[in-house]
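Please look over the notes below with the structure open.

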Amino acid sequence: MRIRGMRFRVGGPRLEARAERSRAMVYLTPLVAAGLTVMAGAVLFAALGHDPLRALYVFFVAPLTTTFGLSELFVKATPLVLCATGLAVGFRGNVWNIGAEGQLILGAIFAGGLALWAGEAFTDGGGPWLLPGMMVMGILGGMAWAAIPALLRTRFNANEILVSLMLTYVAGFLLGYLVHGPWRDPMGFNFPESALFGDAALLPALVSGTRLHIGALFALAAVAGAWVLLMRSFIGFQIKVVGLAPRAGGYAGFSGARVVWLGLLCGGGLSGLAGMVEVAGPIGQLHTQISPGYGFTAIIVAFLGRLHPLGILLAGLFMALTYLGGDTLQIELGLPRAVTGLFQGMVLFFLLASDVLIHHRVRWSRPPVTASVAPRGETA
Amino acid sequence: MRTLIRSGGPVLSRRSLAAGAAAGTLLAASGLSADRARAADPLKVGFVYVGPVGDYGWSYQHDQGRLALEADLGDAISTTYVESVPEGADAERVVAQLASGGHGLIFATSFGFMNATLKVAKSFPDVVFEHCTGYKRADNVATYAARFYEGRYVIGVIAGLMTKTNVIGYVGAVPIPEVVRGINAFTQGLRSVNPEATVKVIWVNSWYDPGKEREAAETLVAQGADVLSQHTDSPAPVQVAAEKGLYAFGQATDMSAFGPEAHLTAIVDDWRGYYIERTRAVLDGTWTSGDTWGGLASGMVAISDYNTALPDTVVAAAEAARTGIETGTLHPLAGPLTDQAGTERVAEGEAPDDGALLSMDWFVEGVQGQAPR
């Protein structure tokens, strides 16, 4: 590409290519996007006939004013942050794992299977080993599911986007088969759900009297671990190099296959852990509706968080807030559920739109007199 | 709670329903007491829907019930609803939020809300809960459902008289006993007038997915079906029938607007009477927990207006079936009932009891497709 700058031939604002991407803008644009979303939201609420300030308060602030709301925020954010953190490892290395949802389901199946087995096999329902065992099983389940696209990509160069996405539907059918068939609660009137897990298979509460469980700490640990891996380790550097410039990585002796495996196994493992956290936390059994699409929403969270672990943590909390705020809007103001989806869509839209500022700057000046004046950095 | 202990085996230390018991205390402490001024203010009635209110099916009909409640009781109550609530971890949060927000009566209108509703009910003993289509109850949790299978027998009779190919397409939602029971009752009605006819079932594994419902309906038509029936909530199969010049039945609500020529009649879920009755009971202080399973006789299930194109003889046959069920002279699943393998499951002169109906997981003869196992 020879000419990178877009120029408008009339006076007023024009976009001018930057010599290099603006680091400040990388971190600022999510805030710009959030700000634009709030402003557009205010217009939306006004158009719906509601006081925009009150509606925005109900949506973004009211859920945070009670212990109940805060605990639920962390409960909702936990699976999103876990999945998105794992995905970010792969995304940084150009490994496009779209199947976190399926990996989450496999984690839930593996962990839930152990819980159901322990409930049958031991009179006390299993001991203190059960929860760590379920965590390991959850991680292994997610990894096993992610290993399939990794193997097919490294062996046969199969596109991991398609393979991981398609395996999500297979995972859903596998879970459906299990809860309709062999794992169905014998006392459950043939409804497709397992027996409730025993107490030993349930994550203990972090704050007594709320649903906030220690799974939230797993998410924090995953964020910290991913930060060390991506920001402070040689492996993280290799992932980045292979992601940005695969051939340069090859010349440096970095293995592309290794990055594929690492990216998919990290995404699969943490998504599997998210599945374990959901079934051992707020749900407490297996059925077909264990995830309302966390694995897909996590892709948005990962990009909203700039593929940076701390950014993902904030983005996960923000995304969780939009769900809680959506409930509150329905209850307090009688607004439809679609408002939640609109807000989530607007965040992503404004983020992608304002990303133009990373590579361009806005100039408020007259256009150049002749086209032959080439601004700095325009030739590549 | 019959389901907490498994008989004949080791007693399982299942998840204690008291797990969330302390939640009420905490919510009360944060200033969200459930019985906040309930005596003076109107009773707040909350509804939790699994689909959008505009699904034109299940959730739409529950919302019609809510609107009828508002119209009937006026200032004595105020209503709130939360739509499209996923049946996983989110349900408990929404139900708890309604309970803590001062709602005195909460209708949770999908099976998947059962365990969440019971957990929250434990934390809010002063709030009354009504759970639709579940089987677990508590002192402050009642259950209710409708005998849709009665209506399905009636439309089965119509299908049997209207089909020319003797193949009926049936879009199945989620393979749970309610849906299986409906398919069986439909097939019994169908074959009572047309023993040659068979029912082909395609599962879409969803209650509301217009795209998948349309695909399933088109596949069924391609397989020779000339009458479509559905247990899913969108009007997509009716629209497919209208496009192909075939017949279909509406689900949950009168869907004739989506195919006036194709729409023969619909099984209507009418929750209005129940919602008004139960809310009045809460207002009067006479509410008690229990289980309600109403059918055609109680008006909870209704047959909508017949298509004017239906011959009088067909309408007469359908009306005879409807009257028979209403008066109790006809049981839609009366024996002899044989399963797909030809084994007799219910003997002649007998009818399955409610327990057998509630856990039905096998298809009667005449259904093509696999029963969920």
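1. Strand 6 (residues 167-172) and strand 8 (residues 227-230) of chain B run parallel, joined by four bridges. Strands pair if DSSP finds at least two bridges between them. Helices (H or I, at least four residues) and strands (E, at least two) are DSSP runs, numbered from the N terminus. Gly169(B) has Leu228(B) as its bridge partner in strand 8 of chain B.

2. A word on the source. This is a predicted model: local features need pLDDT of at least 70, side-chain atom pairs count only at pLDDT 80 or more, and totals for chains, interfaces and linings use all residues. Residues are numbered from 1 along each chain as its sequence is written, while chains are lettered from A and ligands numbered from 1 in the order in which they are written.

3. On its other pairing, strand 6 of chain B joins strand 7 (residues 198-203) of chain B, parallel, over six bridges. Ile168(B) is opposite Val199(B), and Tyr170(B) is opposite Val201(B). The chain goes from strand 6 to strand 7 of chain B by way of helix 6 (residues 177-193), and this β-α-β crossover is right-handed. Right-handed means that, with the strands pointing away from the viewer, the path from the first strand over the helix to the second runs clockwise.

4. How enclosed is strand 6 of chain B? Five of its six residues are buried, so the strand is largely enclosed by the rest of the structure. Buried means 20 or more other C-beta atoms within 10 Å of the residue's own; exposed means 12 or fewer, partly exposed lies in between, and C-beta atoms are placed from the backbone.

5. These strands belong to an open sheet of seven in chain B, order 12-10-9-8-6-7-15, with mixed pairing. Strand 12 (301-303) and strand 15 (367-368) of chain B are at the edges, each with a single partner strand, so one side of each has no neighbour in the sheet. Helix 5 (residues 148-162) of chain B packs on this sheet, touching strands 6, 8, 9 (247-252), 10 (263-269) and 12. Its direction makes about 175 degrees with that of strand 10 of chain B. Contact means C-beta atoms, placed from the backbone, within 7 Å. Axes are lines fitted to C-alpha atoms, for helices over the stretch in contact; angles run from 0 to 180 degrees between N-to-C directions.

6. Five bridges join strand 1 (residues 43-48) to strand 3 (residues 103-108) of chain B. Gly46(B) is opposite Ile106(B) there.

7. The largest nonpolar core has 111 residues; Val48(B), Val95(B), Ile106(B), Ile183(B) and Leu228(B) touch the most other members. Such a core is a set of buried Ala, Val, Leu, Ile, Met, Phe, Trp, Tyr and Cys residues joined through C-beta atoms within 7 Å. Helix 5 of chain B gives the most, with eight residues. Domain 1 (17-146) and domain 2 (148-268 + 300-368) of chain B both contribute, so the core lies between them. Those bounds come from an automatic or database domain assignment.

8. In chain A, Ala298(A) lies in helix 11 (residues 294-304). Ala298(A) is buried, with 31 other C-beta atoms within 10 Å. Beyond four places in sequence, Ala298(A) touches Leu80(A), Cys83(A), Ala84(A), Leu87(A) and Ala100(A).

Note on methods: Two residues are in contact if their C-beta atoms, placed from the backbone, lie within 7 Å.
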